[in-house]
Amino acid sequence: LQAALLSPHFLFRLELGGVGGRPGHVVPIGGTQLASRLSYFLWGSAPDAELLERAQRGALGADAGLTAEVDRLLADPRADALATDFAAQWLELRNLADRTPDPDRFPGFDDALRASLRRETELLFLAVLRDGRDVRDLLDCDFTFVDARLAAFYGLPIAEGGDDFVRVALPAGQRERGGLLGHAGIHALTSNPTRTSPVKRGKWVLENLLGQPPPPPPPGNDSFANEAAIDSTRTLREQLAQHRERSACAVCHVRMDALGFAFERYDAIGRHRAADAGGPIDCRGELPDGRVLDGLPDLKAALRSDPAFVRTVARKLFVYAIGRDVRPVDRLRLDFAVDELLLQPKVTLRDLVLVVVRDAAFSLRVVAAR
């Protein structure tokens with residue numbers, strides 16, 4: 001048993017295409033390996049007999065055959081893995097399990113609520129995938145998914161079915177909840193145990209939605225010296241303003257803070273608030289180009305109009321599918337393909353999946369040195 005568990009054939013998906021090729025040469029990965037890569041990308045599991053049979057007779061080598069298999073796999077319930085695995089990795093939903101907000105300030109934040117918050121975001125991803133919606137609907141839409149626990153948390157009419165999730169149309173007063181940026185799970189992920197964090201929220205947007213991660217903070221500049229004195233968004237703004245006065249911090253914080261302040265009407269566990277100890281919430285932030293974002297509606301509009309979001313989703317899918325980071329030449333190919341899609345009125349998750357599987361990196365590999 002020990003030998004079996006330690007075998008490379010158990011631990012890894014071996015791709016043996018091009019055996020005998022010279023080191024450094026680019027070779028096809030082979031039919032069954034291509035089927036396995038496609039299946040683990042879309043299903044998170046091994047290929048079925050139908051996919052293996054088509055791979056063995058070379059049907060995946062033609063674009064029409066590859067597209068047909070992508071559509072078949074995406075239509076299968078096993079493609080839910082894109083939500084539970086890919087979206088959880090991309091959006092950092094797995095980290096919800098480690099979030100421990102201060103129980104005195106935020107009572108009721110328990111494991112059941114964590115699970116509901118994560119599931120809400122997974123179901124949004126699945127709705128955008130299954131309904132063929134524009135991928136930018138992930139940012140903003142007029143519906144969400146709730147169970148009874150989450151409906152009560154949001155102040156929505158109690159969902160029928162108790163533990164079952166239902167899709168609900170958001171009333172006018174709750175419209176901001178539509179899309180990732182309105183989900184309490186994202187708010188909780190990007191907060192500190194005792195308060196919100198515009199810096200973490202802005203950094204999360206830059207990294208995960210725009211593909212522009214800021215560099216690490218200079219040594220000694222990653223926290224406030226007087227954290228205990230921050231008791232409101234007003235004092236938090238004052239502390240961040242002082243932070244931006246440092247030349248080493250200003251370049252990144254000017255943008256991060258503006259993006260993060262747009263979330264400030266939601267506390268550290270995602271509850272809506274109009275005021276705190278410092279008075280009415282100020283959720284305005286000015287971007288480096290002079291644009292002022294006043295809350296989530298402005299932030300959603302800015303992100304929807306930015307092609308960087310769709311490019312970032314494609315790159316995240318690439319990393320998940322290939323199992324390595326995007327190299328400069330990969331980035332160039334992906335961006336060209338996405339820019340072609342952006343000429344259309346709608347870009348779906350299926351479109352982006354096809355961009356990845358049609359990319360040379362998906363079906364080719366470099367022969368390793370012996």
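Predicted model: local features only at pLDDT ≥ 70, side-chain atom pairs only at ≥ 80, totals over all residues.
**Two helix pairs**

Two packed helices are described by the angle between their axes and the distance between the axes. Here is how that looks for the two pairs:

| Helix pair | Angle | Axis distance |
|---|---|---|
| Helix 5 (residues 63–75) and helix 16 (residues 349–358) | about 135° | 11 Å |
| Helix 14 (residues 307–322) and helix 15 (residues 328–341) | about 130° | 10 Å |

Take helix 5 and helix 16 to start with. With an angle of about 135°, helix 5 is oblique to helix 16, and the crossing it makes there is right-handed. On the helix 5 side, the contact uses Asp63, Leu66, Thr67, Val70, Asp71 and Leu74, while helix 16 brings Arg350, Val353, Leu354, Val357 and Arg358. Sorted by class, that contact comes out as six nonpolar, one polar and four charged residues.

Now for helix 14 and helix 15. Their angle is about 130°, and they are therefore oblique to each other. This crossing is right-handed too. Helix 14 puts in Val310, Arg311, Ala314, Arg315 and Phe318, which meet Asp330, Arg331, Leu334, Asp335, Val338 and Asp339 of helix 15. The class tally for this contact is five nonpolar, no polar and six charged residues.

In soluble globular proteins, nonpolar side chains tend to be buried together. In this model, the largest nonpolar core has 97 residues, and the members touching the most others are Phe41, Leu42, Leu209 and Leu352. Which helix gives the most to this core? That would be helix 14, with ten residues.

Phe41 is worth a look in the viewer. Setting aside neighbours within four places in sequence, Phe41 is in contact with Leu82, Leu317, Tyr320, Ala321, Val353, Val356, Val357 and Phe362. Two of those names have come up already: Val353 and Val357 also sit on the helix 16 side of the contact with helix 5.

**Helix 6**

Leu82, one of the Phe41 contacts, belongs to helix 6 (residues 81–90), a mostly covered helix with seven of its ten residues buried. The buried ones are Ala81, Leu82, Ala83, Phe86, Ala87, Ala88 and Trp90. What do they pack against? Their partners are helix 3 (31–42), helix 5, helix 7 (111–130), helix 10 (198–209) and helix 14.

Conventions. Residues numbered from 1 in each chain as written. Heavy atoms only, no water. Axes fitted to C-alpha atoms, helices over the stretch in contact; angles between N-to-C directions. Helix = DSSP H or I, 4+ residues; strand = E, 2+ residues; numbered from the N terminus. Parallel < 35°, antiparallel > 145°, perpendicular 65-115°, else oblique. Left-handed = near helix turned anticlockwise from the far one by under 90°. Contact = heavy atoms within 4.5 Å. Nonpolar A, V, L, I, M, F, W, Y, C, P; charged D, E, K, R; others polar. Core = buried A, V, L, I, M, F, W, Y, C linked by side-chain atoms within 4.5 Å. Buried < 20%, exposed > 50% of the residue type's maximum accessible area, 1.4 Å probe, protein only.
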